[in-house]
Amino acid sequence: MPQLKSSHVVRCKAEKDDDDSEENDVEVMEYDKLLEEGEKDTFKTDPLCNPVRFTLTSLSLLVFFLISALSVLLTRKELSGCPSDLSKPNTTWLSVNMITDVPQLKMGIIADIHLLDNPKLQCHKFSSKYGAIGCDVTESLLNVTLDDMYQRLHEETSSQGLPFIIFLGDASWHFTRSDVQKDTDHVLQLNQRVFGLLRDRLKEIPVIATLGNNDFPIKESLNVSEFYPKVLEKYRKLADIPGISIPAPDFDTTFNRGGYFSVKLLKPRIRIVSLNTLYFTTSVSDRHQRDYANEQLEWIEKTLSTLEKDEKVVFIGHHPPGVSLYYLYKKKGAVGQWNTLYIERFQKIHETYGSQIIADFFGHCHTDIYNFRSDNMVAFTAPSVSPVYGGQPSYQIAILDEVSRDLRDVITFHTWLDYYTRTKTVPLFHPDKSYRDILSVERLSVDALANSTDKILDEKSSFRVHTNLKAKMYQAQFTPPLNPHLHYCFTKSILNSAFLNCLEEFGFNVKQYVLNGYRNKR
């Protein structure tokens, strides 16, 4: 993710000003003069006798009232967008979207936790123990989030299958302070805390994780294997639940080699393939690193070639393919997040095994959105737990058909952290409208999404309206409402070239987007 500006993080401890002001000097002079004249008592009992003190007192009162009024206005503004009753959790989260025709299987989705190392230094002073909008995640907020997800995953359904969770990377905070170096020991310590909380709070549920860019020490090279063995056991313990999930036989080998692996879920017969997308990004230019990327793609092809006929696949990774939303909305530039060669090869894998691939899930963008290539590939990007870029802390639950394992729905759960911070109460999570609801589809297949995407251009469609609401909650780093043509082209394009061709059809200055993208990636 882009580097945070210094204004995003404010130290809790205010600096004390030791310098005496001119007013204080004048006050002392006036006081000494009155002492000489024998009027000490009058001066002490009646501040009106000292015009300087009177002026200071008046100014202090004026500042106090102005701050109070501003605080009230800000509070009203912050809470004006919140529902009227946030005191009770909404437990009937499937009431609008009941899937009763088939047994259900639940998959929890959590992304971009970004746990703070020291909240008192790394979050501004108006936050509660649950943090605040504009900060990364406190341990208390993460615990509440995981507890809510665990409860909802265990709510009674018609499924005989056990739930599972995918974690899409970035356990560590954003390391914005210049005096903190992102060294190996620091990253390992934060990873250990996050993975410990995941296992403690989620208990018997298998958690299949993927590496994010903030999980990797800056000083470590992606080519060396010293770092991977240090975290291998943490990833294995999260995923290996006896009788429920089994790491693949080559788990240790591939993880130590490049941080990627696969896990078999026994009861729903689903293979989770965890990618290390750091090798696929456009920022990787070293030839040796490109060799690692191609080696990983070869491993994916080999892994999928061993699938049994009734086995399905879910791909998970951190960086999504497609155009970077940050550069698109903040820099007005078109920048692909993956190298084009890797996207094309990844698409060919989908062409070969598309009937067995359920969907691809990614994080990194702190955004609730999806994009696809119309014939064989759909990539969902999950919102973040971290509210550091202005969005509300969120997680998702995907609903799968237990028999066919088709993706039927994705529902986002969010909390209004600004409200709970102001009221100093425990955050509760509330369901958003599901994709199945707003798209009016029976399942989230590539064809169904392709047929529904034109609704983005319809100003009156519920999809268009709801997308702009989502932008305010989960994509606050962008400027809502989202430009419908940019959103439309983004949704329909995985390759950067396809995105630019789409923009050109709507009359955009494509050359300028290419130039801005080049300038911002230099």
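Student: Which residues in α17 do H485, L486, Y488, C489 and F490 in α16 meet?

Tutor: In this predicted model, local features need pLDDT of at least 70 and side-chain atom pairs count only at pLDDT 80 or more, whereas totals for chains, interfaces and linings use all residues. Residues are numbered from 1 along each chain as its sequence is written, and side-chain values use heavy atoms, with hydrogens and water left out. Helices (H or I, at least four residues) and strands (E, at least two) are DSSP runs numbered from the N terminus, and contact means heavy atoms within 4.5 Å. On these terms, the five residues named in α16 meet, in α17, F499, C502 and L503.

Student: At what angle do the axes of α16 and α17 cross?

Tutor: Axes are lines fitted to C-alpha atoms, for helices over the stretch in contact, and angles run from 0 to 180 degrees between N-to-C directions. The axes of α16 and α17 come within 9 Å of each other, and they cross at roughly 145 degrees.

Student: Is G363 buried or exposed?

Tutor: G363 lies in the loop between β8 (357-362) and β9 (369-373), and touches residues that include A111, L168, H318 and T381. Buried means under 20% relative accessible area, exposed over 50%, and partly exposed in between (1.4 Å probe, protein chains only). Because its relative accessibility is 0%, G363 counts as buried.

Student: Which strands are the edge strands of the open sheet of six strands?

Tutor: Two strands pair if DSSP finds at least two bridges between them, and the sheet has mixed pairing in the order β3-β2-β1-β11-β12-β13. Since an edge strand here pairs on one side only, the edge strands are β3 (207-209) and β13 (430-431).

Student: How many bridges join strand β1 to strand β11?

Tutor: Strand β1 (residues 104-110) and strand β11 (residues 394-401) run antiparallel, with I109 standing opposite Q396 in β11. The number of bridges joining these two strands is six.

How values were computed. Lists of a residue's contacts leave out its neighbours within four places in sequence.
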